[in-house]
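Dear colleague,

An account of the findings follows it.

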Amino acid sequence: MSQAKLAHHFESVEQQFDTAKLGMWIFLLTEIMFFSVLFVAYTVYRASHADAFQYASQFLDTNLGAANTLLLLLSSFTAAWAVRCAQLGQKRGLMLNLLVTVVCALGFMGIKYHEYSHKYHEGLLWGGARHSIFKADPAQVLPEMKHGHEGGGESVWESHHVETMDPALKKQVGIFFGIYFCLTGLHGIHVLVGIGVMLWLLWRASRDHFGPDNFTAVDLGALYWHLVDLIWIFLFPLLYLIS
Amino acid sequence: MAASPASDHAAEHGLGHVLPVKTLAATFAALVALTLLTVFTGKMDLHGFDLAVALIIATIKATLVALIFMHLRWDRPFNGLVFLITILFVGMFLALTVTDRSQYERDIHRFDRAHPAEAPTGE
């Protein structure tokens with residue numbers, strides 16, 4: 001296990017560690033602020049158009065959202081455990097925990113991909129999207145979005161009578177999906193970055209880069225991962241549990 | 001488990017605070033239980049308190065993650081202060097915007113009634 005390298009502008013390894021950690025917390029602060037803009041947009045639209053949120057939420061699968069929540073919680077648990085292993089110099093445990101974290105994150109993205117592709121095929125998109133079924137003028141909705149699917153079964157356009165829907169509600173449902181894709185999309189990008197960070201940590205752990213005095217990167221990577229989990233903890237009830 | 005204050009833990013354990021697996025596992029179990037609870041309460045009709053209950057459960061979960069998984073409970077208090085100030089500013093951002101919105105609520109509805117069909121067309 002390697003020792004921490006002390007940069008010349010720090011007095012001690014401890015000071016170096018505390019400085020890195022404070023820097024990470026300030027970065028997380030900017031991340032929370034970044035997401036807060038979308039949360040405020042969500043709040044304002046939901047306060048004004050609760051009916052549209054209620055209508056649109058029927059298209060979100062609570063079970064898939066809950067499964068993704070559990071995957072992220074498990075990955076947060078293993079990320080925290082990875083930090084413990086790094087602190088104690090347990091290389092095998094560190095690598096195993098990082099690996100489970102990556103697998104959970106990939107599982108999360110898999111479920112997300114399934115949800116996104118379903119919405120794309122049904123045209124459950126913001127009103128301005130080419131494939132959206134929530135366009136003001138029904139004539140502009142693409143014909144393939146209106147008809148049932150090859151494997152049988154109605155399209156959402158047919159089963160939910162979108163053609164004769166109240167235009168004001170239709171507009172707001174389109175806006176709901178705009179907010180949904182911005183929030184989950186930005187979060188998904190963070191999950192992808194997190195996967196990259198965890199793989200980088202895994203590679204470094206395999207080369208004996210970490211030890212009881214030298215685990216800053218694992219600690220900060222885990223902090224980032226917990227923040228991604230923290231954001232999802234709020235996204236899940238706000239998007240999937242609207243009753 | 002020695003829940004030592006932030007000032008002297010470094011001397012005991014080297015850098016940072018080492019959490020026992022038992023604490024981590026118990027936190028994870030609590031988070032899973034709260035997730036199941038929020039799915040359960042989400043399917044019930046709580047007569048207008050649905051959102052409040054969901055947000056209270058989410059806040060408890062977030063607090064557990066921040067205090068234990070993110071080590072804030074044992075960390076330098078200054079890092080926790082940074083986090084709390086962030087929450088404060090997000091709260092101000094939210095509160096001021098919502099206040100502004102309710103001030104103009106009637107105008108929003110008047111506008112919606114006057115322009116019902118102005119949905120984006122994608123052109």
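The contact between the two chains, counted from heavy atoms within 4.5 Å, involves 59 residues of chain B and 60 residues of chain A. Please note that this is a predicted model, in which local features need pLDDT of at least 70 and side-chain atom pairs count only at pLDDT 80 or more, while totals for chains, interfaces and linings use all residues. Residues are numbered from 1 along each chain as its sequence is written, chains are lettered from A and ligands numbered from 1 in the order in which they are written, and side-chain values use heavy atoms, with hydrogens and water left out.

The size of an interface is often given as the accessible area lost when the parts come together. Here, chain B and chain A bury about 5,100 Å² between them, and carbon and sulfur atoms give 75% of that area. Buried area is the accessible area (1.4 Å probe) that two parts lose on being put together, summed over both. Three salt bridges are counted between chain B and chain A, a salt bridge being a side-chain nitrogen of Lys or Arg within 4 Å of a carboxyl oxygen of Asp or Glu. A:Glu14 and B:Arg76 form a salt bridge, with 2.9 Å between the closest N and O atoms.

Turning to the aromatic residues, 19 aromatic pairs are found over all chains. Rings of Phe, Tyr and Trp (its six-membered ring) pair if their centres lie within 6.5 Å; planes under 30 degrees apart count as stacked, over 60 as edge-to-face and the rest as tilted. A:Tyr116 and A:Phe181 make a tilted pair, 5.0 Å centre to centre with 55° between the planes. Because A:Tyr116 lies in helix H4 (residues 91-122) of chain A and A:Phe181 in helix H7 (residues 167-206) of chain A, the pair ties together parts that are 65 residues apart in sequence. Helices are DSSP runs (H or I, at least four residues), numbered from the N terminus. A:Tyr116 is partly exposed at 24% relative accessibility, whereas A:Phe181 is buried at 14%; buried means under 20% relative accessible area, exposed over 50%, and partly exposed in between (1.4 Å probe, protein chains only). Ring pairs also link a cluster that includes A:Tyr116, A:Phe181, A:Trp126 and A:Phe134.

Finally, helix H4 (residues 77-103) of chain B contains B:Ile85, which is partly exposed with a relative accessible area of 38%.

Yours sincerely

How values were computed. Helix = DSSP H or I, 4+ residues; strand = E, 2+ residues; numbered from the N terminus.
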